[in-house]
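Subject: Structure handover

Hello,

Here is the structure I promised to pass on. Please open it alongside this note.

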Amino acid sequence: MNYSVKKIGQILNATTQIDSKIVTGVSFDSRKVKSGDLFVALVAENDGHDYVQQALTKGATAVLVDDRHQIDSKIPAIIVSDTLLALQQLGEYRRHQINPKVVAITGSNGKTTTKDMTSAIMGSQYKTFKTPENFNNEIGVPLTLLTMPDDTEVLVVELGMDRPGQLTTLSELVKPDIAIITMIGEAHIEFFKTRENIARAKLEITKGLKSQGTLLIPYDEPLLTNAQVKQNVQTFGQDITDINSSSSKTIFTYQNTRFAIPLLGRYNIMNALAAISAGILLHIELKNAAEALQHFDLTKNRTEQLTTSHGVNLISDVYNSNPTAVAAVLATLKIIPATHKYVVLGDMLELGEQAASLHACLAETVIDANVDGVYLVGPLMNKYLYPILQRRFDSAHLHQYETDQLAELIKDLQTLGENGDVILLKASHGIHLENVVNALVK
C-alpha cells in the first residue's frame, strides 16, 4: 500500500492532522512497527493508545487513533470513532481497489493446510497472496488485505471463528468468489454446544459469498450437504482411487491425474481435494495443481514432519486439537510403516461440559492405533483418559505430565526411539507442545 494520511482520512471519512505523510504498511503491535507503518491503536486488553509514542520511535509514519483519546497536534494522525472498525474499512477499500479473485477458507480443522495448498495451486498460474501465519480474525483479516501486493490476482484468505456472527463479519469483509468449509468438528463446542450449531456458524461464510460464487463442502458431511444455501454448492472428496501412503507422503488419483502430497492421512487428501476443486473453478490445469502440491509451503505445526538428532521421525500437529482431529491423525499413525510408534497427546481445549466424555472417548482410538507408548499432558488427559488406558498399558508404556512439566517430557522423549521410529505430538495450542517439538529437533 502507498497512501497518504490525507487519502486514508478520505477513505475513512475521518479527521486528519499533518496529512502529507505517506503510509506504506500497517501494524497494531508497537514492538513490530517498521519505518513507514501506520500504527493502529486498538483498544483491547491493552490500550494501543498507550504505545503511540513507542510506535513513533520505532518508525511509524502516522497513527490511527480514536476520538476518546487526546493526541498531540504535532503527530501525523487519522482520528476515528472506532479504530478496529476503521482498520476493517481500510482493508475493505484495498480489497475493492485491487479486486482479486478471493478464495475464503474456514472449518473446524484443516483450514490452514487447505489455505497453503490452495495458494500453491493458484500460484501455478496466478499472482497469489495468502493469509500470513494464522491472521484469520477481525484484526488479522484486514491486515491480510492491507499487506496484499498491488498485483495480486488471487487472494487465499483463512477465516477463523469462535462465536456466532464472526464469520458473517469476515465474509462480508472479503467478499469471496469461492468459499470452502473443510469440515465440521468439535472445535469451540464449549461455546456452540452442538456440532449442528457449529455447522450453522460455519455456513455464515456464505453471507459475503458473491451471488455467482461457489461454496465447496465435503461430500460426506450431512450437516453441510443438507443445508439451504442461495449460491452454487459443489462437494469435494469423492471419486478418488489408488490411495497409497509412505512415511513421508500420500499418493492418490483424481480425475485421471496422479497426486502426491508431502503429508500423511486421508484427511489431508480431503484438504487437497478442496484446494484442487477451487483451482478447477479458476481454470487451473490439473497437471499444474499436481505439480504445485508435490512441494508447497506448509505453515508450521500442521502435520509437520521433522526428524530428531538421532533419527526419530516426528509428526508435529500441535496447533489445535479436538476428538475428530485426534482420531484422524491416529488413524494415519497406525498405517505408517515403523518399528516403534509413540504418541504424545495434550489436552483438547474449549470443549466445555463435554470435555470429560470427549477425552475419555479417545481411549479406543488410542488403543486401536497399536502404539508402543503413550504420553499424556494436561489435567484433562490425566483425569479422563489416563485411568481408561491403564487397563491396556502398563506403567512402562503409559506416562502422564502436567502442563508445567514439559521439561520432564522433553527429557523423556529425547532418548525415546531409534532411527526410523515415529513420535506423534497432538494437542491444542494452549498446551504449548511446540516447545517440546523445538527442543527435540535442535
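Below is what was found in it.

This is a predicted model: local features need pLDDT of at least 70, side-chain atom pairs count only at pLDDT 80 or more, and totals for chains, interfaces and linings use all residues. Residues are numbered from 1 along each chain as its sequence is written, and side-chain values use heavy atoms, with hydrogens and water left out.

Salt bridges

The structure holds 18 salt bridges (a side-chain nitrogen of Lys or Arg within 4 Å of a carboxyl oxygen of Asp or Glu). Glu-92 and Arg-95 form one of them, at 3.8 Å, N to O. Both sit in helix α3 (residues 83–98), 3 residues apart, about one turn of the helix. Helices (H or I, at least four residues) and strands (E, at least two) are DSSP runs, numbered from the N terminus. Glu-92 is partly exposed at 32% relative accessible area. Arg-95 is buried at 10%. The cut-offs: buried is under 20% relative accessible area, exposed over 50%, partly exposed in between (1.4 Å probe, protein chains only).

Arg-163 has a salt bridge to Glu-138 at 2.2 Å, N to O. This pair links distant parts of the chain, 25 residues apart. Arg-163 lies in the loop between β10 (154–158) and α6 (166–174), Glu-138 in the loop between β9 (128–130) and α5 (140–147). Arg-163 is partly exposed at 37%, while Glu-138 is buried at 14%. Arg-163 also forms a salt bridge with Asp-162, with the closest N and O atoms 3.0 Å apart.

Shared partners join Lys-115, Asp-116, Lys-130, Glu-158 and Asp-297 into one salt-bridge network.

Hairpin

Strands β15 (residues 250–254) and β16 run antiparallel, joined by 5 bridges (two strands pair if DSSP finds at least two bridges between them). Thr-250 stands opposite Ile-261 in β16. The hairpin has 2 residues between the strands, and Gln-255 takes a positive phi near 50 degrees. Side chains alternate along β16 (residues 257–261). Thr-257, Phe-259 and Ile-261 point to one face and are buried.

Surface charge

Glu-402, Asp-404, Glu-408 and Asp-412 gather in a surface patch of negative charge. Patch residues have over 30% relative accessible area and no salt bridge, with like charges joined within 9 Å and nonpolar side chains (Val, Leu, Ile, Met, Phe, Trp, Tyr) within 5 Å. Glu-408 belongs to helix α16 (residues 406–414) and is partly exposed at 39%.

Best regards

Methods: Areas by Shrake-Rupley, 256 points an atom, 1.4 Å probe, with all protein chains shown as cover. Lys, Arg positive; Asp, Glu negative; His and termini not counted. Charge placed at Lys NZ, Arg CZ, Asp CG, Glu CD.
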